[in-house]
Amino acid sequence: MNFLTLFAIYVAVVLMCMILVCRYSGHQDNPFNILFSCIAKVFAPVTPKWLQRFSQWSMHRLFHQRNNMFVYLHILLEAAVYGEFTYEIFGFCRELDTSLTSLSVPYILLAIKTFFFYLCIKKDPGTVTKKNVSSQLHIYPYDKRLFHPGISCPTCQLIKPARSKHCRVCNRCVQRFDHHCIWVNNCIGAHNTRYFLLYLLSLCAMAGDIALLTTDMLLHAVLRTGLLGASYMDEYGQRHPAGPLFVVQHLFLTFPRIVFMLGFLVFVFFLLAGYALFHFFLALVNQTSNEWFKNQGYTCQHCHPSLTANHLCSTPPSHSRRFYYSRGLLQNLGEIFFPRQPVWKKDT
Ligand SMILES: *[C@@H]1O[C@H](CO)[C@@H](O)[C@H](O)[C@H]1NC(C)=O
Ligand SMILES: [Zn+2]
Ligand SMILES: [Zn+2]
């Protein structure tokens, strides 16, 4: 296989992962789950029972129970990228007279990101408990579409406040539930959405900044070799100018680790930037991803169980009903950074 084929496969795989992850993030029936269950079914007759049980158990442990696996994976990837950056790129950039200030930006971003990452992990997302459920009930009104009054959580045995949801992984009801994030091993809810947004933002900045510095370094390396103006002789003795493909091939062969890392960073950057934009959009319209996905696949199973199949819900919701909790852009943002506190109301 020649270099071009390998490179094309590399780009195609990266692009495909990007599209798949963007398309299916947050869905229950994502291709990975489907693929896994298909493989499990096909190999079921030939795999021993204990192996089947073990793989089911480990999938369950990984995705349906709280565990720190993805937190460790996150730290590992980060260590790899920063190790590579410090070990190879930092020195090279110093030689090129890149200022120390711009080279220290990634480390400052790392410190900021770690701070928000820690807060995301440690902060309580807003667990609804027996003690505070009665005050939580008054924070948001019920929109009588996605959230109906008087329904209690079968597991927690508490009345569900509007916008709350039971997290199956953490086994608790969470106020203004957004989603359960496996990367921080915590739910994202009323009290830590702000940290989550800032965490996403700093992670994007980190990946983007290192990618820029690395690109700069590679560009300098190419300019230094004078490869852009070079030419090569083919087997018939004719001269051809070395095109961009030649440059890419040269870089791949000279700095394999760096080019691979750059590909990974660009991939992560676009993925995270898309995800962060989505979450900022949701913050601006005061919607949780839980509500967003419920609105997408709008079916009656989300509605009050006593309602029959052909009620109001068979038509798509109007704009004002869909963004029921929106109070204007600034106030929506304010609500993220200063979560609403319970106001004691007199029962009428
Ligand atoms: C309810 O009380 C628990 C325990 O004190 C606390 O951790 C949680 O954050 C409170 N929930 C809300 C939504 O304030
Ligand atoms: Zn619950
Ligand atoms: Zn959770």
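1. **Asn 185.** Asn 185 counts as buried, because its relative accessibility is 11% (buried is under 20% relative accessible area, exposed over 50%, partly exposed in between, with a 1.4 Å probe and protein chains only). The residue sits in the loop that runs between β3 (179–181) and β4 (186–188). Helices here are DSSP runs of H or I with at least four residues, strands are E runs of at least two, and numbering starts at the N terminus. The phi angle of Asn 185 is near 55°, a positive value in a residue that is not glycine.

2. **Basis of the model.** The model is predicted, so to speak of local features requires pLDDT of at least 70, side-chain atom pairs count only at pLDDT 80 or more, and totals for chains, interfaces and linings use all residues. Residues are numbered from 1 along each chain as its sequence is written, chains are lettered from A and ligands numbered from 1 in the order written, and side-chain values use heavy atoms, without hydrogens and water.

3. **Gln 157.** Here is another positive phi. The angle is near 60° at Gln 157, again in a residue other than glycine. Gln 157 belongs to the loop between α6 (133–136) and β1 (165–167). Is Gln 157 buried or exposed? Gln 157 counts as exposed, because its relative accessibility is 65%.

4. **Zinc ion, ligand 2.** Four protein donors hold this ion: Cys 153 (SG), Cys 156 (SG), His 166 (ND1) and Cys 173 (SG). They lie 2.0 to 2.3 Å from the zinc. Donors are N, O and S atoms within 2.8 Å of the metal (3.2 Å for Na, K and Ca); water is not among the atoms, so sites may look incomplete. The arrangement is tetrahedral because the 4 donor atoms subtend angles of 104 to 121° (four donors qualify if all angles lie between 85 and 135 degrees). Along the sequence, the donor residues of ligand 2 follow C-x2-C-x9-H-x6-C.

5. Cys 153 is buried, because its relative accessible area is 2%. Cys 156 has a relative accessible area of 22%, and therefore is partly exposed.

6. **Zinc ion, ligand 3.** Which residues coordinate the zinc ion (ligand 3)? The coordinating atoms come from Cys 167 (SG), Cys 170 (SG), His 180 (ND1) and Cys 187 (SG), at 2.0 to 2.3 Å. The site is tetrahedral, with angles of 102 to 129° among the 4 donor atoms.

7. **Ligand 1, surroundings.** The residues around ligand 1 are Asp 124, Gly 126, Thr 127, Thr 129, Asn 132, Gln 136, Gln 175 and His 191 (each has a heavy atom within 4 Å of the molecule). By class, this shell has no nonpolar residues, 7 polar and 1 charged. Asp, Glu, Lys and Arg count as charged, Ala, Val, Leu, Ile, Met, Phe, Trp, Tyr, Cys and Pro as nonpolar, and the others, Gly among them, as polar.

8. **Ligand 1, contacts.** Asp 124 places a polar side-chain atom 2.9 Å from an oxygen atom of the ligand. For Gln 136, a polar side-chain atom lies 3.4 Å from a ligand 1 oxygen. For Thr 129, a side-chain N or O atom is 3.5 Å from a ligand 1 oxygen. Polar contacts are pairs of N or O atoms within 3.5 Å; within protein, one must be able to donate a hydrogen and the other to accept it, and residues adjacent in sequence count only if both atoms are side-chain atoms. Taken alone, ligand 1 exposes 360 Å², and the protein buries 61% of that (Shrake-Rupley areas, 1.4 Å probe; for residues, only the protein chains shown count as cover).

9. **Asn 67 and Met 69.** Asn 67 lies in the loop between α3 (49–64) and α4 (69–95). Asn 67 counts as buried because its relative accessibility is 12%. The Asn 67 side chain reaches the backbone nitrogen of Met 69 at 2.9 Å. Met 69 is in helix α4, and is partly exposed because its relative accessible area is 47%. The C-alpha atoms of Met 69 and Trp 183 are separated by 8.4 Å, with the residues 114 apart along the chain.

10. **Ile 75.** Ile 75 also lies in helix α4. Ile 75 is partly exposed, because its relative accessible area is 42%. Between the C-alpha atoms of Ile 75 and Thr 114 the separation is 9.8 Å, and these residues are 39 apart along the chain.

Methods:
Tetrahedral: all angles 85-135°; square planar, octahedral: opposite > 155°, others 65-115°.
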